[in-house]
Amino acid sequence: MSTISRDEVARVAVLARIDLRPEELDRLAGELDVIVDAIAQVSEVATPDVPATSHPLPLTNVFRDDVPVPPLPVEDVLAAAPASEDGRFSVPQILGEE
Amino acid sequence: MSAHATVDLVDYDEAVRRYDPVIGIEVHVELGTKTKMFCAAEVEFGGEPNTQVTPVSLGLPGALPVVNGKAVEYAIKIGLALNCQIAESCRFARKNYFYPDVPKNFQTSQYDEPIAFDGYLDVELEDGTIFRVDIERAHMEEDAGKNTHVGGATGRIHGAEYSLVDYNRAGIPLVEIVTRPITGAGERAPEVARAYVQTLRDIFRALDVSEARMERGNVRADVNLSLRATPESPLGTRTETKNVNSFRSIERAVRYEVSRQAAVLDEGGTVIQETRHWHEDTSVTTAGRVKSDAEDYRYFPEPDLVPVAPSRDWVEQIRATLPELPVARRNRLQGEWGYADAEMRDVVNAGALDLIEATVAAGASPAAARKWWMGELARYAKTSDTEIAEIAVTPAQIAQLQALVDSGRINDKLARQVLEGVLAGEGDPEAVVVARGLEVVSDDGALLEAIDAALAAQPDIVEKVRSGNMGPIGAIIGAVMKATKGQADAGRVRELVIERIG
């Protein structure tokens, strides 16, 4: 049974800024289907006494004290920038919004 | 910008006669922690660009976030102060979108499990009415970096050739507080919106969880507004006006949207669900993004962070540390001081509450403290165009001034002269009394001298009084007061005059 449609793949691709060709949409719809089906099998074995969880670790409240550490040197920070100016990252013009 | 001129607006009063406004407000507050939400980069306002970042703030591959425990504590404090439930367990989620100020391509936020929910805030309006705003949720998230657009003629994004990004702000802890739809405010919707944000600001400060400075963007409001035909009608389509960052603008943005949407509806049009931008300079909103598919943020639970499950003990410990909140304090003080509602309101509106509290603490009676601050000093602030708290006189000095009056060393009239001296920088009231020689003349010898002189000058009055006509005695007392420059106790003068003549 197919749960992931071609349209859905196309929609998610747009949201994720991934440019897919038509044949890729078909192929990925099929592959994602297989993945979703595999995961769905987990629901079949899960009994009502197993709560849904997003985290497999039996941990909560992992906190850090509010104490500063030295930051990255600004040269290192900007080393990762395609371009920089005045200590800041220079990025292309942003369209579609005032 | 260019589109402004073509917008039809309905007069505000007319608009609220025909439509019922419903508002919803999202407030973001930057927490005053020393470090960021998910990494230990120091947070300090005004640092050089990109000098307060770590691999986590930059979203570098492999960087792992760790939650700042202090930020969780502050979020719980805010939740409790807003009468919210604190979640037994909650988690973070990724809000995915692409924008250069979000280096990870997602904002770490909370989605289906906020830390605090189902609260309310009682907001006092200018006339003293209490308006209850229901709070849907308060959740933790992180701030984005700061874009500066350069190269375009206007400096806005349109026409800009490129943008410069500073990630110092990226990752600063935020709490976002979301109201339920606020109904029933009617024509007072703008005032309610403003008072709500103002009350929140006061609470953030009282809790000491943020400096809460609007002008620095520590507190930012997004205002949702929709109109409906009557309070019984279903909710209309809303617009969301982003980043309205002063109290005055919040009020004006609501008014503007009411007038604009009323005009759209009057013409039989439909309001478009969209984001709008507030323009401080021209006091209008303009259309931004239309809410659409692009708004699908593909939220999912943050796999790099484990759930936050505040124990009930911890929550109760935090509750026990909550300071008295502004409205509760006001009510307590009003009870202690015995002020009428209107008196208390005037005091609060004049910004004199702290001053009067300090004056009372320094020994003055609440009535006397109010008399000074709301009378002579309020007038002085007004005529000198100063905030009352900025006047060059301290609550302790006012208490001392009143003590001088109470002990009879000066009378009310002299007290005003003493105050003039204090305001002129001549020192404490005590020092001014001595330096200006303003003490009430209580020495009978000095008074008698003045009385004898007055009697000698007006022998006809003396005759009348002797013959039992007490009427003209005022003229003698007046002459004595004049001779002593108001420093005599009029009652004592009268006694002495009668004795003298008698």
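The legends below describe close-up views of a predicted model. Residues are numbered from 1 along each chain as its sequence is written, and chains are lettered from A in the order in which they are written. Local features need pLDDT of at least 70 and side-chain atom pairs count only at pLDDT 80 or more, whereas totals for chains, interfaces and linings use all residues.

**View 1. Chain A as a whole.** Chain A holds 3 helices and 3 strands, where helices (H or I, at least four residues) and strands (E, at least two) are DSSP runs numbered from the N terminus. Their order along the sequence is α-α-β-α-β-β. With a radius of gyration of 22 Å over C-alpha atoms, well over the 13 Å that the globule rule (2.2 Å times the number of residues to the power 0.38) gives for 98 residues, chain A is more spread out than a compact globule.

View 2. Four strands, in the order E2(A)-E3(A)-E9(B)-E8(B), form an open sheet with antiparallel pairing, two strands being paired if DSSP finds at least two bridges between them. The edges are E2 (84-85) of chain A and E8 (146-150) of chain B, each pairing on one side only. E3 (residues 88-92) of chain A and E9 (residues 162-166) of chain B are joined by 4 bridges, and Pro92(A) has Tyr162(B) as its bridge partner.

**View 3. The parallel pair.** E1(A) pairs with E2 (residues 67-68) of chain B in the parallel sense over 2 bridges. Within this pair, Phe63(A) stands opposite Val67(B).
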